[in-house]
Amino acid sequence: MVSATRELVHGTCVALGPHGALLRGGSGSGKSDLALRFLALEAEQDLQPRLVADDQVWVEAQGDGSLVASAPETIAGKIEVRGLGILNLPHRPNARLILIADLVSAEEVPRMPPDPPVRITLAGVALPVVKLAPFELSAALKLRLALLSAVSQLPHQQA
């Protein structure tokens, strides 16, 4: 029996160390492309960028109010690379999901984030949302900065 606090969502999840971001957008919106560029970033202070899941992501609420993202078993470690097919990459089996990145056109990205921040609830847990234009050259770095910012907002004992 599947728990009511577990959801299968369409998206790509990447992690910086133990903390993950869910990239959301329609087909062809740049989820896998942004994930590849994020994975190519250098590790910083033992925080290695890694793939968690591509295309489908299990999101499960934990007893402490956090979320864990993981790949369905059949696609763990796989990513679809347009023009190259489905490839195997180093990956994390799971990550603590702390951020949602909605992929939108550059015109839809606000100059400054809204105050209060937008939050979306997945599996009963509210997460902060950022909007990113996935094909901007700086998108992977912006995703890293957004993840680091989200980590800094976590209660100290959970970081």
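1. Arg-144 and Glu-44 are joined by a salt bridge, with 2.9 Å between the closest N and O atoms, a salt bridge being a side-chain nitrogen of Lys or Arg within 4 Å of a carboxyl oxygen of Asp or Glu. Since Arg-144 belongs to helix 2 and Glu-44 to the loop between helix 1 and strand 4 (49–53), the pair ties together parts that are 100 residues apart in sequence. Arg-144 counts as buried, at 8% relative accessibility, whereas Glu-44, at 39%, counts as partly exposed; buried means under 20% relative accessible area, exposed over 50%, and partly exposed in between, with a 1.4 Å probe and protein chains only.

2. A word on the basis of these values: the model is predicted, so that local features need pLDDT of at least 70 and side-chain atom pairs count only at pLDDT 80 or more, while totals for chains, interfaces and linings use all residues. Residues are numbered from 1 along each chain as its sequence is written, and side-chain values use heavy atoms, with hydrogens and water left out.

3. By the rule given above, the count comes to five salt bridges. One of them pairs Arg-6 with Glu-60 at 3.9 Å between the closest N and O atoms, and this pair links distant parts of the chain, Arg-6 lying in strand 1 (residues 6–10) and Glu-60 in strand 5 (residues 56–61), 54 residues apart. Helices (H or I, at least four residues) and strands (E, at least two) are DSSP runs numbered from the N terminus.

4. The side chains of Arg-37 and Asp-33 also meet in a salt bridge, at 2.9 Å from N to O, but here both residues lie in helix 1, four residues apart, about one turn of the helix. Arg-37 is partly exposed at 24% relative accessibility, and Asp-33 is partly exposed at 34%.

5. Leaving aside neighbours within four places in sequence, Leu-147 is in contact with Leu-16, His-19, Gly-20, Ala-21, Phe-38, Ile-98 and Leu-99, where contact means heavy atoms within 4.5 Å.

6. The largest pocket holds about 900 Å³ of space; on a 1 Å grid over the protein atoms alone, a pocket is an open set of points where a 1.4 Å probe fits, with protein on both sides within 12 Å along at least five of seven lines, and lining residues have an atom within 4 Å of a point. Of the 38 residues in its lining, Leu-99, Pro-128, Val-129, Val-130 and Ala-146 are the closest to its centre. Strand 11 gives the most to this lining, with eight residues, and the lining divides into 25 nonpolar, five polar and eight charged residues.

7. The second largest pocket has a volume of about 340 Å³, and Gly-28, Lys-31, Ser-32, Glu-80 and Arg-82 lie nearest its centre among 16 lining residues. Helix 1 supplies the largest share of this lining, four residues.

Conventions: Points joined across faces, edges and corners; volume = space filled by probe spheres on them. Nonpolar A, V, L, I, M, F, W, Y, C, P; charged D, E, K, R; others polar.
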